[in-house]
Amino acid sequence: LGGYVQLAGENPDELDPNDKKAFLNQHPIKKIIVASSGVIQNIFLAFLLMWFVFIIGTDTLKPVIGEVKHGYPAFEAGLQKGDEIIKINDKRVKYWNEVSEIITGLKEEQITFVVLRDNKEIVFNIKPKIEETEDILKDKKKKPVVGISPLAFLPIVDDVKKEFPAYNAGIKKGDVIISIDGKKITYWEEVTDMVEKSKKDLKIKVQRNGEIKEFVITPKIVEEEAKDKTKIKRKVIGIVPKPNSTKEKYGILKASDRAFAQVVNFTDLTVRSIYKMIMRKIEPDVAGPIGVIQISYEVAKTGIVNLMFLFAIININLALINFVPLLPLDGGLVLIFIIEWIRGKMVPLKVQETLMQLGWMLLIFLLIFATYQDILRFFSGS
């Protein structure tokens with residue numbers, strides 16, 4: 001829950017009515033500001049961490065089209081898989097999230113795309129269609145779409161799983177897959193498709209340090225859990241593709257704009273998540289001390305930038321939880337001081353004590369529940 005600082009004159013039992021410096025003798029506005037300062041610092045630290053992240057640079061997808069959906073405006077206009085979007089309405093784009101943000105903000109207006117195809121710039125004028133979509137919390141909202149999605153992975157080996165066919169055959173990180181059974185490979189989806197449909201050994205050619213090497217690999221059948229919890233069998237060779245990503249980094253001013261937008265977005269998402277869990281519209285999914293340590297450890301292995309981003313999210317969560325109008329949290333104190341301001345006198349101590357006891361009971365229950373969830377998550381391996 002954070003740290004604790006004892007202020008002079010905050011204990012009602014030891015309060016001197018004539019002590020002008022005592023905390024409880026201050027005007028309610030001053031007490032509200034003091035009670036809110038911890039939450040404000042959490043939000044500010046989240047902003048500061050995200051600001052550093054965008055200055056240093058974080059991995060994000062390149063603005064390259066991976067799929068063009070049939071029947072959508074982009075398909076009708078002639079956009080193709082592999083096209084690199086370089087401009088939208090005369091605004092240069094470097095990252096896929098900029099593409100999404102611009103399309104979402106333009107509503108039904110016509111959009112001019114400039115894409116790079118075979119080293120040539122081609123212009124397309126597209127009018128998006130309005131479609132009802134679901135966000136991560138399953139909230140339905142209407143937004144403009146053109147029917148494109150990013151190219152997420154490249155046919156380049158980023159990692160090789162031990163004891164899998166590719167590892168045993170000698171495939172290494174950095175190998176560029178150029179063909180399978182004589183068929184030229186351009187996209188990662190072609191690799192997964194040929195592995196899945198294989199009925200015999202695969203002859204895979206890769207480029208490694210300028211040399212062409214060939215491997216004969218027998219796919220392995222593994223059982224995985226689908227989104228609907230059903231078990232499905234898949235053929236794999238045990239390689240992880242390289243993301244089609246680049247570093248998203250900005251100057252000091254632009255980074256502050258991005259950081260502020262991210263803080264607002266995550267705050268909105270967290271508030272809606274808490275509301276939906278309370279109203280039982282989504283399954284409760286919380287992390288206690290064990291979960292936070294476990295998540296932090298896994299993220300730390302991916303780099304300091306991702307860890308800073310995680311700490312920013314944790315600070316936003318701490319700020320919102322601490323601002324819940326429940327004693328002994330900061331939000332509960334703010335509520336008490338607002339009532340005092342309206343009434344013109346302090347809230348009776350018996351009322352505060354009752355609210356404090358109720359608050360501690362709920363917090364202890366939340367801690368036990370979160371720890372229980374952590375233990376379940378740990379043993380289930382999720």
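A salt bridge here is a side-chain nitrogen of Lys or Arg within 4 Å of a carboxyl oxygen of Asp or Glu. Before I use that, two remarks on the model. It is predicted, so local features need pLDDT of at least 70 and side-chain atom pairs count only at pLDDT 80 or more, while totals for chains, interfaces and linings use all residues. Residues are numbered from 1 along each chain as its sequence is written, and side-chain values use heavy atoms, with hydrogens and water left out.

The structure holds twelve salt bridges. I will go through three of them.

Start in helix H5, residues 188-197, which contains both lysine 197 and aspartate 193. Helices are DSSP runs of H or I with at least four residues, strands are runs of E with at least two, and both are numbered from the N terminus. These two side chains form a salt bridge at 3.4 Å, N to O. They sit four residues apart, about one turn of the helix. Lysine 197 is exposed at 59% relative accessibility, and aspartate 193 is partly exposed at 35%. The cut-offs are under 20% relative accessible area for buried, over 50% for exposed, and partly exposed in between, with a 1.4 Å probe and protein chains only.

Next, arginine 208 and aspartate 175, where the closest N and O atoms are 2.8 Å apart. This pair links distant parts of the chain, 33 residues apart: arginine 208 is in strand S13, and aspartate 175 is in the loop between helix H4 and strand S11. Both residues are buried.

Third, glutamate 101 and arginine 258 make a salt bridge at 3.0 Å, N to O. Glutamate 101 is in helix H3, residues 96-106, and arginine 258 is in helix H6, residues 252-278, so the bridge ties together parts 157 residues apart in sequence.

Four strands form an open sheet in the order S4-S3-S5-S6, with antiparallel pairing. S4 and S6 are at the edges with a single partner strand each, so one side of each has no neighbour in the sheet. Two strands count as paired if DSSP finds at least two bridges between them. S5 and S6 are joined by seven; threonine 112, for example, has asparagine 125 in S6 as its bridge partner.

H3 itself lies across S3, S4 and S5, at about 45 degrees to S3. Contact means heavy atoms within 4.5 Å. Axes are lines fitted to C-alpha atoms, for helices over the stretch in contact, and angles run from 0 to 180 degrees between N-to-C directions.
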